[in-house]
Amino acid sequence: MAKPRKSFYLWIAGKALYWLLGFGIFLMTAFLLWRIYFSGLLPKEMKRLAVNDELKAAYAVHGDEIKLLTQEQGTHTRTEENYGYFAVPRFVFIPEANQVQVIFRYNNSTLKYTQQKYELAERPPRGEEIFDVSLVSVCDLTPEDKADNVDGSETLGKTRVAPTSYEVTTTKLYTYFCYTFDGVSVTPETITVFFDIYYKGDLDYDKPAYGTLRLYHNEEPWQTVKLTARDRKALGE
């Protein structure tokens, strides 16, 4: 009986290698898609409004006509020293309640980089409030003269507001905070509203923030966010 030729075994080995390689590429692609899409979805705890007395009072007056407004702004920090460290995947301005709610997110590697940046003995723990956050509103003090609106000008007024409350949750990859800011309103004089992030162990508002994301600009259009069933249920409790 004739023995199988060597080339036949090489052909079989080549086919096996081809399929193994293809399967490996498939698994890698599937993992990347999961990492990019599914892991970035908001946890259910972050998919509804955080309800406090101010928001309940506004909802009691306006009901489902209450406005939830947002803008199309950059969602991730992108400077050289904080590229991708911090994100704001969702935020809403609620004019009738003079309130802003911000979903703040960072991944596990942000804690590693924070440890390195500030030369900490241990990596900061997940799920704890290690970053100081605030809203900074920039207003035009001379609205009749738009030409003097340059950074650092005395004709621009800045107001910093701290959050009144927060909720926190963690996933395998991320830490999420839902911050509520009360007493915040956008007026015709408001030019921009920024979300500033500082490391609490190096808190100095005279220094540049560890990360900053813009939430509002007066030249960008508002977009309306609809109340969800989760929102209505929370507001009615």
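1. pLDDT is the predictor's confidence in each residue, on a scale from 0 to 100. This is a predicted model, in which local features need pLDDT of at least 70 and side-chain atom pairs count only at 80 or more, while totals for chains, interfaces and linings use all residues. Residue numbers start from 1 along each chain as its sequence is written, and side-chain values use heavy atoms, with hydrogens and water left out.

2. The protein has a mean pLDDT of 88, with 86% of its residues at 70 or more. Where pLDDT is low, the predicted coordinates should not be read in detail.

3. On to the aromatic rings: the structure holds 25 pairs (Phe, Tyr or six-membered Trp rings with centres within 6.5 Å; stacked under 30 degrees between planes, edge-to-face over 60, tilted for the rest). F91 and F93 pair edge-to-face, 6.1 Å centre to centre with 85 degrees between the planes. Both F91 and F93 are buried (under 20% relative accessible area; exposed is over 50%, partly exposed in between; 1.4 Å probe, protein chains only).

4. Y216 and W222 make a stacked pair, at 5.0 Å and 25 degrees. Y216 is buried at 7% relative accessible area, whereas W222 is partly exposed at 34%.

5. Do have a look at two charges over rings (NZ of Lys or CZ of Arg within 6 Å of the ring centre and within 35 degrees of the ring normal). R160 lies over Y205, 4.1 Å from the ring centre, and K117 over Y118, at 5.5 Å.
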